[in-house]
Amino acid sequence: MPLFMDRHNIDGVTPEALAEAHEKDLAVQGKHGTKYLNYWHDQSRGCVFCLVEAPNKEAAVQVHREAHGLVADEIIEVDPVTVNAFMGDIQERPSVMKIGPLKSGEEDTAFRAILFTDLEGSTALTQELGDAKAMELLRTHNKIVRETLKEHSGREVKHTGDGFMACFASVAAAVECAIAIQRAFDAHNKENPGSAMHLRIGLSAGEPVAEDKDLFGATVQLAARLCACAEARQIIVPSVVRDLCLGKKLPFKAHGERTLEGFDRAVHVYEVEWATPSA
């Protein structure tokens, strides 16, 4: 059955009121052949997102209309694999996700930070080292990135061949992970100068339902574009990432505006300075 995610723009609603509304959805969902799996509440942005299996959009909308009248402002069909990658395994979670403190002390919301990495000169490395040595180096690259993601509560979305796409519930954790990745490769390169690897990293952050009707569409595209325009050993982020990290004492340096493919307006970007004084 198709999977849909909807968005409600609601200011001032309490978690208790949302839980009550969700229980009303569960009470009538069977009449419409639907199954409401989960919801997320982002109080700071006045947004609520619901995840539902339904035969079509109209059936999902009718459940809300009949249960409590709070019809979504937007609803899109989503890919279960993509939802699992960003939000966790929906089949293993209870039908109502309890909103409470995570390990970081922050609430889980539908807001996510997206991180892209890219290994510079991967094609040239293969030509220079040969297939066997290049694959051995790539395995080392994968191990370093995956271990660092795990240490910072990052979720691998996909492997791109010579890089990764990952997501985080915390923007600050994403930035800290990017710093840790660069430092880990810096340490590797100092110990193994003959097999040095240099990464570029791009980050962005946003909510699930984007303006282009795709799950995390604009946010993913921005992170990918920033990764592509970064130089080796750089971490490039937009102003939204810097703003969401205010008070975290993370090292951002202004880099002016960049014109990026697919974006109508220039983007204010910052570099995250990660190098230790001895680097």
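**Note on a predicted model: cores, sheets and helix packing**

1. The largest nonpolar core has 36 residues, and those touching the most other members are Phe 168, Val 175, Leu 203, Ile 235, Val 237 and Phe 252. A nonpolar core here is a set of buried Ala, Val, Leu, Ile, Met, Phe, Trp, Tyr and Cys residues joined through side-chain atoms within 4.5 Å. Buried means under 20% relative accessible area, exposed over 50%, partly exposed in between (1.4 Å probe, protein chains only). At least two residues of this core come from each of β5 (112-119), α5 (131-151), β7 (164-168), α6 (171-191), β8 (199-206), β9 (235-238) and β11 (267-272). Helix α6 gives the largest share, ten residues. Helices (H or I, at least four residues) and strands (E, at least two) are DSSP runs, numbered from the N terminus.

2. This is a predicted model: local features need pLDDT of at least 70, side-chain atom pairs count only at pLDDT 80 or more, and totals for chains, interfaces and linings use all residues. Residues are numbered from 1 along each chain as its sequence is written, and side-chain values use heavy atoms, without hydrogens or water.

3. Confidence next. pLDDT is the predictor's confidence in each residue, from 0 to 100. The protein chain has a mean of 87, with 89% of its residues at 70 or more. Among its elements, β9 has the highest mean pLDDT (98) and helix α4 (residues 122-129) the lowest (75). Residues 93-106 stay under 50, and the model has 34 contacts for them beyond four places in sequence. Where pLDDT is low, the predicted coordinates should not be read in detail.

4. Phe 168 deserves a look. Beyond its neighbours within four places in sequence, its contacts (heavy atoms within 4.5 Å) include Phe 111, Leu 115, Leu 149, His 152 and Cys 177. A second, separate core holds 22 residues, among them Leu 3, Phe 86, Met 165 and Phe 216.

5. Two strands pair if DSSP finds at least two bridges between them. β8 and β9 are parallel, with two bridges; Gly 202 has Ile 236 in β9 as its bridge partner.

6. Axes are lines fitted to C-alpha atoms, for helices over the stretch in contact, and angles run from 0 to 180 degrees between N-to-C directions.

7. The axes of α5 and α6 come within 9 Å and cross at roughly 145 degrees. Contact residues include Leu 137, Ile 144 and Leu 149 of α5, and Cys 177, Ile 181 and Phe 185 of α6.

8. The other open sheet described here has four strands, ordered β2-β3-β1-β4, with antiparallel pairing. β2 (35-42) and β4 (74-78) are its edges with a single partner strand each, so one side of each lacks a neighbour in the sheet. Yet seven of the eight residues of β2 are buried, so β2 is largely enclosed by the rest of the structure. Seven bridges join β2 to β3 (residues 47-53). Asp 42 has Cys 47 as its bridge partner, and Tyr 36 stands opposite Val 52. Four residues lie between the strands of this hairpin, where Gly 46 takes a positive phi near 65 degrees.
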